[in-house]
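Keep the structure open beside you as you read.

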Amino acid sequence: MTDTTSDAVATLAQALGIIGRGPGRSRPLTRGEARDAFAALLAGTALDVQAGAFLLLMRYRGETAEELAGLVDAARVHIARARMARTTVGTAPDDGLRPALDWPSYAAGRTRGLPWYLLAARLLGEAGVPVLMHGDNDLQTGGVGALQGLSALGLSPAADLSEAADRLGREGFVYLPLAGLSPDLKRLLDLRSVLGLRSPVNTLVRHLNPLDAPATLIGVFHPNYLDSHAEASLLLDAGRWLGVVKGAGGEGERRPHKPVDLRLVEQGTSKVEHWPALLAAAPADSPDDPARLAALWRGEAEDAEGEATVIGTAAVALRIAGRASTPWAADALARSLWSHRRR
C-alpha cells in the first residue's frame, strides 16, 4: 500500500475531496462513488492514511442511504469474486441449501449479556427455517460473544462460506465468522481498535447477505439506524424482506420487558410494527454464564427472562422470514416451536 500513483489512491483521493471539504462545500457521495471508494479499500491498494481518513470522515458525517448502498455493493462484489477465485482453483462451489433468513451478528456494546438469540436461530433452523448467521464480536466490551455461546451449546462455526452453505442443509443453523467470510472486511472492521470509533464497516456488514437469503434480520443499538437500514434496503434489495430492531447491545434480539418497534421492509415498501412487551418487570441482574444457554435449551434450568427473550426473538425472526403474518401469530408460533424443540 505504498504506490501513490495507483488508481485506488486516485479514487480515494477524489472521494475524500468530495466529503472532506468544509461546510457548504462538501456533499455526500453518490452510490457509485461510494462503491468505487470502498472497492479500493477492500482491494488493499490504497494508502493506510486514506483508509483511516475515509472511514472516520464517513463516521463523523454519517453515511446516507445512497452511500451505504454503494459500500454494500462493493463488499458484495468483493465477496463474490473471492468465492469465484476459490472455485477456480479447485474448491467446490457453494451449492448448499439457500437460507431462509440472513442474520448478521456484529454487536460490540457494553450492554450485551448472554447471546440468547443463538437459541432463537437454532429454534428456527430446527423448524425448517434455515438461518445463516455471520458476525464478529472480537471487539465486544461486555457480555458473552457468539463464539462463546456456540461453544457452550456444543456447536462449531463454519470455516468459510462453502462450508457454511454445505452444512446449512444438514443443520438448519450455521454461524460463519467474518474472518472466514471476508478477511479483507475483517481487517477494516478491526481498525476500530486503532481509530477509537466504529466506522461504516460496522453498518454495512449487516447487509452482506452472502448466500442470497430472501430475508434479513438486523439489530441496531442507536435508534437513528432503524430507518437508515430500512432506507438502504429499499435501494439494495427490491422484492426482499428486511426487519430492523433495537436490540440488546445492538444484536437482533427482542428485549422481552420492553415494547419493540420493528421496521419491516416487505417487497419494496416500509412500515413500522409495534410489538408489546412480553414481561412486565425489568430483569434482575444475573451472571453472564454461557452454560445457562445450554441448560435452558435442555430444560435443565428455569429462566423466565432468557426463555422470553428466545421466544420473543424467534417470533420477530419468523415474522421477518414470512412465516407469520402478524406479531400475535408470530408469538404463538414461536411458543409452539419452543415447547416442541428437540432437547
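A salt bridge here is a side-chain nitrogen of Lys or Arg within 4 Å of a carboxyl oxygen of Asp or Glu. The model is predicted, so local features need pLDDT of at least 70 and side-chain atom pairs count only at pLDDT 80 or more, while totals for chains, interfaces and linings use all residues. Residues are numbered from 1 along each chain as its sequence is written, and side-chain values use heavy atoms, with hydrogens and water left out.

**Exercise 1. Bridges within one helix**

Task: In helix α7, work out how many residues separate Arg170 from Asp166, and Glu171 from Arg167.

Solution: 
- Step 1. Recall the helix: an α-helix has 3.6 residues a turn, so residues three or four places apart point the same way.
- Step 2. Take Arg170 and Asp166: both lie in α7 (residues 161-171), 4 residues apart, about one turn of the helix. Their closest N and O atoms are 2.9 Å apart, in a salt bridge. Arg170 is exposed at 58%, whereas Asp166 is partly exposed at 45%.
- Step 3. Take Glu171 and Arg167: they too are 4 residues apart in α7, about one helical turn. Their salt bridge has its closest N and O atoms 3.0 Å apart. Glu171 is partly exposed at 39%, but Arg167 is buried at 8%.
- Step 4. Widen the view: by the salt-bridge rule the count comes to 23. A network of salt bridges links Asp136, Asp138, Lys186 and Asp190.

**Exercise 2. Two helices packed side by side**

Task: Decide how α1 and α3 are oriented to each other.

Solution: 
- Step 1. Axes are lines fitted to C-alpha atoms, for helices over the stretch in contact, and angles run from 0 to 180 degrees between N-to-C directions.
- Step 2. Read the values: α1 (residues 7-19) and α3 (residues 48-61) pack at about 30°, with axes 10 Å apart.
- Step 3. Classify: angles under 35 degrees count as roughly parallel, over 145 as roughly antiparallel, 65 to 115 as roughly perpendicular and the rest as oblique. Therefore α1 and α3 are roughly parallel to each other.
- Step 4. Find the contact (heavy atoms within 4.5 Å): Val9, Leu12, Ala13, Ala15, Leu16 and Ile19 in α1 meet Gln50, Ala53, Phe54, Leu57, Met58 and Arg61 in α3.

**Exercise 3. Inside or outside?**

Task: Is helix α5 largely enclosed or open?

Solution: 
- Step 1. Count: 9 of the 10 residues of α5 (residues 117-126) are buried, so the helix is largely enclosed by the rest of the structure.
- Step 2. Name some: the buried residues include Tyr117, Leu118 and Arg122.

Technical notes: Buried < 20%, exposed > 50% of the residue type's maximum accessible area, 1.4 Å probe, protein only.
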